[in-house]
Every structure is written in structure tokens, then in C-alpha cells.
Amino acid sequence: ALLGKAPDLAKLFETEERQAGMVKGKTYQAYADAVGYWPIAIIVVCCACIVAFQQACDVWVSYWTDESQDKHFLHIGVTGSAGLKLPFTVLSPEGMLIVYAILVLCFCVFNFS
């Protein structure tokens, strides 16, 4: 037990001020200054690539499983292969799997970076 008089709690604690509404731009600026602009840019690019490769995987599976691939919007790009010389045929089952594996690999790389 403490000897003597109990301390005045009003002197020990200060009432914090808080603001209502949206976060101000100065708060984001302070965060960017503290963290640095390159890490923020890398995070934004990685997040964009995660979304892009996730969508690319979904679109590729929709093309792969479409019964009428020749009517799918990807068909022209896939059959033309954008002028690329690939070591496999994209339209073969193995080629479809290779493309899907590459897309999933890219998704995973950006997801865990």
C-alpha cells in the first residue's frame, strides 16, 4: 500500500482530442514520409498484379472450358499467339495447362512478395 495521500487522477491522465469525419491528407502524407514512396509504389504495383493475374486465371479457365472456344473473345489472341514463337501449341491440352500454370505462378509470386 502507498503511504500518504492518493494521487490526483486528473493530473495523471490527459483527455485526448479527436476529430470526426474523414482522414486528412496530412495523415497520409506523414505515413508516406515515414514509410517511403518506393515501398508504397511496390505495394500498389503488387496489389494491381495480384488482381490482374487472378482475373487472367479466371478468364483463361473460362476460355479453356468453353465448348465453343472459337466464339470466345480470347480465341483470336490465342490462335494468333500475338506473333510469339512458343515451344508448345497453346490450343493443345498441355499448352492450355502450361499457360494456366504460368498465370498461377505469376499470381503466387505477386501474392507472396
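To begin, Trp64 in this predicted model is partly exposed, with a relative accessible area of 31%.

**Exercise 1.** Work out how the rings of Trp64 and Tyr100 are arranged, and where the two residues lie.

*Solution.* Start with the rings: their centres are 6.1 Å apart and their planes stand at 55°, so Trp64 and Tyr100 make a tilted pair. Finally, look at Tyr100, which is partly exposed at a relative accessible area of 27%.

**Exercise 2.** Describe how H3 runs relative to H5, and say which classes of residue make their contact.

*Solution.* First take the axes, which come within 8 Å and cross at roughly 160°. An angle over 145 degrees counts as roughly antiparallel, so H3 is roughly antiparallel to H5. The crossing is left-handed. Then turn to the residues: H3 brings, among them, Phe53, Trp60 and Trp64, while H5 brings residues including Leu97, Tyr100 and Phe107. By class, the contact has 20 nonpolar, two polar and no charged residues.

**Exercise 3.** Are Trp60 and Tyr63 buried or exposed?

*Solution.* Buried means under 20% relative accessible area. Trp60 has 6%, so Trp60 is buried. Tyr63 has 0%, so Tyr63 is buried too. Both lie in helix H3 (residues 37-65), three residues apart, about one turn of the helix.

Methods: Residues numbered from 1 in each chain as written. Predicted model: local features only at pLDDT ≥ 70, side-chain atom pairs only at ≥ 80, totals over all residues. Heavy atoms only, no water. Helix = DSSP H or I, 4+ residues; strand = E, 2+ residues; numbered from the N terminus. Buried < 20%, exposed > 50% of the residue type's maximum accessible area, 1.4 Å probe, protein only. Phe/Tyr/Trp six-rings, centres within 6.5 Å; stacked < 30°, edge-to-face > 60°. Axes fitted to C-alpha atoms, helices over the stretch in contact; angles between N-to-C directions. Parallel < 35°, antiparallel > 145°, perpendicular 65-115°, else oblique. Left-handed = near helix turned anticlockwise from the far one by under 90°. Contact = heavy atoms within 4.5 Å. Nonpolar A, V, L, I, M, F, W, Y, C, P; charged D, E, K, R; others polar.
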